[in-house]
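Subject: Structure handover

Hello,

Please find the structure below, with my notes after it. Read them with the model open.

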Amino acid sequence: MRSLDMARWPRREVYGFFSGLSNPFFMVTFRVDVTEAYDYAKAHGLSFYTAMVGLCTQAVNDVEAFRMAIHGGDVVLLDRRHPSYTDMKKGAEVFHIVTMRMEEHETVEAFARRASAVSAAQDGFIDMSLETDDLIYISCLPWLDVTAVTNERDLSAPGARDDSIPRLVWGRFVERDGRRMLGMSMEVNHRLIDGVHIGRFAQALETRMKALR
């Protein structure tokens, strides 16, 4: 992690503008073609969900803006972000939150297998000792074709506007013309991230999925 030189940061005026808002967060929902990711997961005996968690983690880290965070009033560039995702055991109605590392050179297959094992072994709701600022919050609503999702947050908490953790949610894919299309919703802090960066994330995710073998 390293601090940015604010005087040289190209978006310092944008950052200052949105810093004046009590709620500087915005959300975008978009469609993603996940056909290759689904086929890859099934061909390798993986959970499609944990494979997508791995792919999205890689794509987030491909875009520098998503590794920006606000610490004590300073903007820093994180080395990497790591997933903290919701999951449910078979037959359960109450979800739990799995937080784990995904290193730069870990493959999607290796991560997906490890993530499934970690989730299955977890016996509590959440391990708060793992909840740090370098996370990506990820969730899934596999019962619905998601068109938009907002996320809970305590805007009255001290430093609430400094929350720099991206929120990513998707639902059930739908088949269109032989392709599997997934509604994906992303919520971010506008002080750090613009629509162009969400577009770059979507492009990075598409590139990652098409490169699967």
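Both faces of strand β5 are covered: H82, S84 and T86 lie on one side, P83, Y85 and D87 on the other, and all of them are buried. Buried means under 20% relative accessible area, exposed means over 50%, and partly exposed is in between, with a 1.4 Å probe and protein chains only. Strands (E, at least two residues) and helices (H or I, at least four) are DSSP runs, numbered from the N terminus. β5 covers residues 82–87, and because six of its six residues are buried, it is largely enclosed by the rest of the structure.

A note on what you are looking at: this is a predicted model, in which local features need pLDDT of at least 70 and side-chain atom pairs count only at pLDDT 80 or more, while totals for chains, interfaces and linings use all residues. Residues are numbered from 1 along each chain as its sequence is written, and side-chain values use heavy atoms, with hydrogens and water left out.

The neighbours of β5

Two strands are said to pair if DSSP finds at least two bridges between them. β5 runs parallel to β7, with four bridges joining them, and H82 stands opposite L135 in β7. β5 is also joined by four bridges to strand β6 (residues 96–99), this time antiparallel. In that pairing, S84 has T99 of β6 opposite.

From β7 to β10

β7 also pairs with β8, in the parallel sense and over five bridges. Here C140 stands opposite W170 in β8. β8 in turn runs antiparallel to β10, joined by four bridges, and the bridge partner of R167 in β10 is E187.

β8 is mostly covered, with five of its five residues buried. R167, V169 and G171 point one way from β8, whereas L168 and W170 point the other way.

The three-stranded sheet

Another part of the chain forms an open sheet of three strands, in the order β1-β4-β3 with antiparallel pairing. β1 and β3 stand at the edges with a single partner strand each, so one side of each is left without a neighbour in the sheet. Strand β1 (residues 2–3) meets strand β4 (residues 74–77) over two bridges, and R2 has L77 in β4 as its bridge partner. Strand β3 (residues 68–71) is joined to β4 by four bridges; I70 stands opposite V75 there. β3 and β4 form a hairpin with two residues between the strands, and in that hairpin G72 takes a positive phi near 55 degrees.

Two loop residues

Which loop holds D177? D177 is found in the loop between β9 (174–176) and β10 (179–189). Phi of D177 is near 55 degrees, a positive value in a residue other than glycine. D177 counts as exposed because its relative accessibility is 82%.

Is A160 buried or exposed? A160 counts as buried, because its relative accessibility is 14%. This residue lies in the loop between β7 (135–141) and β8 (167–171). Leaving aside residues up to four places away in sequence, A160 touches F25, D154 and L155, where contact means heavy atoms within 4.5 Å. A160 and M186 are 26 residues apart in sequence, and 18 Å separates them in space, C-alpha to C-alpha.

The chain as a whole

The secondary structure of the protein chain comes to five helices and 10 strands. Along its principal axes, the C-alpha trace spans about 50 × 40 × 30 Å. The radius of gyration is 17 Å, which agrees with the value near 17 Å for a compact globule of 213 residues. That radius is taken over C-alpha atoms, and the globule rule is 2.2 Å times the number of residues to the power 0.38.

Buried residues make up 49% of the 213 residues. Among contacts between residues at least 6 apart in sequence, 72% join residues at least 24 apart. The chain exposes about 11,000 Å², of which carbon and sulfur atoms supply 52%; accessible areas come from the Shrake-Rupley method with a 1.4 Å probe, and for residues only the protein chains shown count as cover.

There are 26 positive and 30 negative side chains, and the centres of the two sets lie 4 Å apart. Lys and Arg count as positive and Asp and Glu as negative, while His and the chain ends are not counted. The place of a charge is taken as NZ of Lys, CZ of Arg, CG of Asp or CD of Glu.

Regards
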